[in-house]
Amino acid sequence: MSKIPLEDLVKKLELEIIFDGGVREIELATSDINRPGLHFAGFFDYFSKERIQVIGKSEMSYLSKLDRDKKLEHLDEFFSADLPCVIVTRGMEIPKYIVDCAVKYNCPLLRSHKATTILMNKLVNYLDSELAPRITRHGVLLDVYGVGILLMGESGIGKSETALELIKRGHRLVADDAVEIKKVAEHRLIGDSPELIRHFMEVRGIGIIDVKALYGVGAVINAKAIDMVMYMEFWDNNKEYDRLGLVENYIEILGVKLPKVELPVRPGRNLAIIVEVAARNWRLKQMGYHAAKELDRRLNDFIQQNSDS
Amino acid sequence: MIEKEFVIDNEAGLHARPAARLIKAADAFDSEIRIIKGDKIGNAKSLLSVLALGIFKGNKITIQADGPDEVSALYRISRLIENNFVEED
């Protein structure tokens, strides 16, 4: 269950409040919407009363044809279900009997000037984004050649310094330190920065810097889909690091599997250039070319040819 | 893991200077230290992450410490918060 402020809903979808009943926020579990045509006809067996109810032209004209007693009876049952809110579309005139019911059961009643399908489309998009699961992670999110790279690792390992070098090379900063991650679809995570600290960075020894002011508007971007995670850690001589790149590692964030690259940090290693290479390599893989596999294939061909002769 | 709740009594809230003192105190410990306000969690060793929480006077926050020196870490930070972020000598 998520709470959505009524004021935000009204503002984002350009709605008009007919009656708000003092309701400040509405509680919703899904972004699904219900059109109550069948319920106006008296069929309440399957009634998704926990959804936002949208009354369009067909529902409204059906109601106007219904005889008075039936109409009032069905509307009373409809509004008595403790609905989150009811929206009337197309800027239609709202008959007094509907307003009376809304007032009786203290149900917010709103009006949109958009056509029903357009409003429903916008409503679902808005609710999907508002109801999306979210989490805050420690790291730096960058856009490198259009690839969303989340740099992670302990404090003080040099994430911000690597990010600065990447910004200097023309890549873009999304968020430093705290990255707010939102699951907007089955396999899609979007990261952005908390509003308060957007495009600020902390560099040890210098303090707080404003990346947008220092490097210009081209060095920053507000939000970005996360494509891969690069995990920075101190070089461990006892650990084996990937030499071929044939095995893919993953990390799970909000149930989404993201490719993960472990980056061992050693003095004198230029990590920015390695992040760039990883981004290019990822794009190449997306286009169907896998360097390690290609080399492996060539080697196999070579071995085959030589063993034939 | 241990934790303690506080109500911020500092007139101007947790603005840049007090926050800097808080992270300096937290940074001296090996334990992982989190600062929680509502449903937001910040890393107490990272200045921006603490500032991003937007903590002001009257806010209820929770400090969580997790690691080998969690007891002394939480003690040190409690003292700092109770002293309204004025550093002791």
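This is a predicted model: local features need pLDDT of at least 70, side-chain atom pairs count only at pLDDT 80 or more; totals for chains, interfaces and linings use all residues.
User: Which residues are linked by ring pairs into a cluster, and are F78(A) and F79(A) buried or exposed?
Analyst: The ring pairs join F40(A), F44(A), F47(A), F78(A) and F79(A) into a cluster. Of F78(A) and F79(A), both of which belong to that cluster, the computed state is buried.

User: Which residue has its charged end over the ring of W235(A), and which one lies over the face of Y250(A)?
Analyst: Over the ring of W235(A), at 3.7 Å from its centre, sits the charged end of R266(A). Over the face of Y250(A), at 4.6 Å from the ring centre, lies K257(A).

User: What is the strand order of the open sheet of 8 strands in chain A, and which strands are its edges?
Analyst: The pairing in this sheet is mixed, and the order reads β14-β11-β10-β8-β9-β15-β17-β16. Neighbouring strands are turned against each other by 40° on average, with direction ignored. Since each of them pairs on one side only, in a scheme where two strands pair if DSSP finds at least two bridges between them, the edge strands are β14 (223-225) and β16 (249-253).

User: How many bridges join β10 to β11 of chain A, and which residue stands opposite I181(A)?
Analyst: Strand β10 (residues 172-185) and strand β11 (residues 188-192) of chain A run antiparallel and are joined by 5 bridges. Within β11(A), the residue that stands opposite I181(A) is G191(A).

User: Is L127(A) buried or exposed, and which residues is it in contact with beyond its sequence neighbours?
Analyst: L127(A) is found in helix α6 (residues 116-131) of chain A, and it counts as buried because its relative accessibility is 0%. Leaving aside neighbours within four places in sequence, the contacts of L127(A) are I4(A), L28(A), S31(A) and I52(A).

User: Which residues make up the covered face of β3 in chain A, and which residue of β3(A) does I4(A) stand opposite?
Analyst: Strand β3 (residues 25-28) of chain A has an uncovered face with E25(A) and E27(A), and a covered face with I26(A) and L28(A). Strand β1 (residues 2-5) of chain A runs antiparallel to β3(A) and is joined to it by 4 bridges. Across this pairing, the residue that I4(A) stands opposite is I26(A).

User: What separates the centres of domain 1 and domain 2 of chain A?
Analyst: Chain A is divided into domain 1 (4-130) and domain 2 (132-294). Taken over C-alpha atoms, the separation between the centres of domain 1 and domain 2 of chain A is 44 Å.

User: Why is one side of β1 and of β3 in chain B left without a neighbour in the sheet, and what is the strand order there?
Analyst: Strands β1 (2-7) and β3 (40-43) of chain B stand at the edges with a single partner strand each, so one side of each has no neighbour in the sheet. Neighbouring strands are turned by 25° on average, direction ignored. The sheet is open, has 4 strands with antiparallel pairing, and its order is β1-β4-β2-β3.

User: Which strands of chain B does helix α3 lie across, and what is the bridge partner of I36(B) in β4(B)?
Analyst: Helix α3 (residues 70-82) of chain B runs at about 5° to β1(B) and lies across β1, β2 and β4. Strands β2 (residues 32-37) and β4 (residues 60-66) of chain B pair in the antiparallel sense over 5 bridges. In β4(B), the bridge partner of I36(B) is T62(B).

Key
Residues are numbered from 1 along each chain as its sequence is written. Chains are lettered from A and ligands numbered from 1 in the order in which they are written. Side-chain values use heavy atoms; hydrogens and water are left out. Axes are lines fitted to C-alpha atoms, for helices over the stretch in contact, and angles run from 0 to 180 degrees between N-to-C directions. Buried means under 20% relative accessible area, exposed over 50%, partly exposed in between (1.4 Å probe, protein chains only). Rings of Phe, Tyr and Trp (its six-membered ring) pair if their centres lie within 6.5 Å; planes under 30 degrees apart count as stacked, over 60 as edge-to-face and the rest as tilted. A charge sits over a ring if NZ of Lys or CZ of Arg is within 6 Å of the ring centre and within 35 degrees of the ring normal. Domain bounds come from an automatic or database domain assignment. Contact means heavy atoms within 4.5 Å.
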